[in-house]
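Welcome, and thanks for taking a look at this one.

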Amino acid sequence: MRILKLVVSWFSLLYLTLYIPFVFMVYFSPWYKLNCRLHPISQRIPTEKASVYVHQLTGFFIHTHQLETDWSPKEKFHMTEVRDIFDFLAGAAILSLAFFCLLFNKKHTGKCAAINLVIILSLTIILPFFSYFWKHILHPLLFNNLAWKTNPMDVSFFLLPPAFFKYSMILIIFVSFVINLSVWMGLKGKKTESL
């Protein structure tokens, strides 16, 4: 039972620290708008239209808006599938937060954060092969159709180019690493002070 609690506590911390940057990227507009300026293909969308698309997409993910102007039926179908996954991830985050709070232990949390640093750094192995991972591993694993494939007739072809997802993964890794490092250093510092 003790080992199970440790594993649950560790996984909860890992999941939450990966989910926090994910939330700000997916449900808020700044990350989308920044990427519209970074990628040449995204710059083809006029600024005003890009703002409309981003507003619709973030609203769609939180169930307050629909995808309207210019989004194709195929894109709407795929984004609905994506939203279902995001809803599941949100539920898992709530459970993880509950478990983390219930099982919180300073000593173990510090060790969990240290383990997470190694795991998160290991995720960088994917980056040089991101395109292959994105097309041939992740999407076939999550979806049983090809609706995720975009073409120049799609809004997402310009708004969400492949580089957007690679940069997103880099940001998630970086922020999650910083959070776990802060937890580890903070709890380590408290332990040293108590000695």
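## Briefing on the chain

Of the chain's 195 residues, 37% count as buried. Please keep in mind that this is a predicted model. The chain has eight helices and zero strands, so a reading along the sequence gives the pattern α-α-α-α-α-α-α-α.

**Overall layout**

- Taken along the principal axes, the C-alpha atoms of the chain fill a box of roughly 65 × 30 × 30 Å.
- Among contacts between residues at least 6 apart in sequence, 76% join residues at least 24 apart.
- Leucine 34 itself lies in helix 2 and is partly exposed, with a relative accessible area of 38%.

**Nonpolar cores**

- The largest nonpolar core has 30 residues, and those touching the most other members are Tyr32, Leu57, Phe61, Trp71, Met79 and Leu159.
- At least two residues of this core come from each of helix 1 (2-27), helix 2 (30-38), helix 3 (47-61), helix 4, helix 7 (155-159) and helix 8 (162-194).
- A second, separate core has seven residues, among them Leu14, Ile120, Leu127 and Ile173.
- Leucine 57 is in contact with Tyr32, Leu67, Trp71, Met79, Leu159 and Leu160, once its neighbours within four places in sequence are left aside.
- Valine 54 lies in helix 3 and counts as buried because its relative accessible area is 0%, under the 20% cut-off.
- With neighbours within four places in sequence again left aside, valine 54 is in contact with Ser29, Tyr32 and Leu159.

**The largest pocket**

- The volume of the largest pocket is about 1500 Å³.
- It is lined by 49 residues, and the closest to its centre are Phe22, Trp134, Leu138, Leu142 and Phe165.
- Helix 1, helix 2, helix 3, helix 4, helix 6 (130-142), helix 7 and helix 8 each give at least two residues to this lining.
- Helix 6 supplies the largest share of the lining, with 10 residues.
- Sorted by class, the lining has 39 nonpolar, six polar and four charged residues.

**Histidine 78 in helix 4**

- Histidine 78 lies in helix 4, which spans residues 73-103.
- Its relative accessibility is 9%, so histidine 78 counts as buried.
- Not counting residues up to four places away in sequence, histidine 78 touches Phe143, Ala147 and Trp148.

**The loop between helix 3 and helix 4**

- Histidine 63 lies in this loop, and its phi is near 65°, a positive value in a residue other than glycine.
- At 47% relative accessibility, histidine 63 counts as partly exposed, because that value falls between the 20% and 50% cut-offs.
- Glutamine 66 is found in the loop between helix 3 and helix 4 too.
- Glutamine 66 touches Gln56 and Phe60, not counting residues up to four places away in sequence.
- Valine 54 and glutamine 66 are 12 residues apart in sequence, and their C-alpha atoms are 12 Å apart in space.
- Glutamine 66 and phenylalanine 133 are 67 residues apart along the chain, with 30 Å between their C-alpha atoms.

**Cysteines**

- How many disulfides does the structure hold? The count is zero.
- Cysteine 112 is in no disulfide, and the nearest cysteine sulfur, that of cysteine 101, is 14 Å away.
- Cysteine 112 is buried, with a relative accessible area of 6%.
- Is cysteine 36 buried or exposed? Cysteine 36 counts as buried because its relative accessibility is 11%.

Notes. Residues numbered from 1 in each chain as written. Predicted model: local features only at pLDDT ≥ 70, side-chain atom pairs only at ≥ 80, totals over all residues. Heavy atoms only, no water. Helix = DSSP H or I, 4+ residues; strand = E, 2+ residues; numbered from the N terminus. Buried < 20%, exposed > 50% of the residue type's maximum accessible area, 1.4 Å probe, protein only. Contact = heavy atoms within 4.5 Å. Core = buried A, V, L, I, M, F, W, Y, C linked by side-chain atoms within 4.5 Å. Disulfide = S-S within 2.5 Å. 1 Å grid on protein atoms, 1.4 Å probe; cavity = no way out; pocket = protein on both sides within 12 Å on 5 of 7 lines; lining within 4 Å. Points joined across faces, edges and corners; volume = space filled by probe spheres on them. Nonpolar A, V, L, I, M, F, W, Y, C, P; charged D, E, K, R; others polar.
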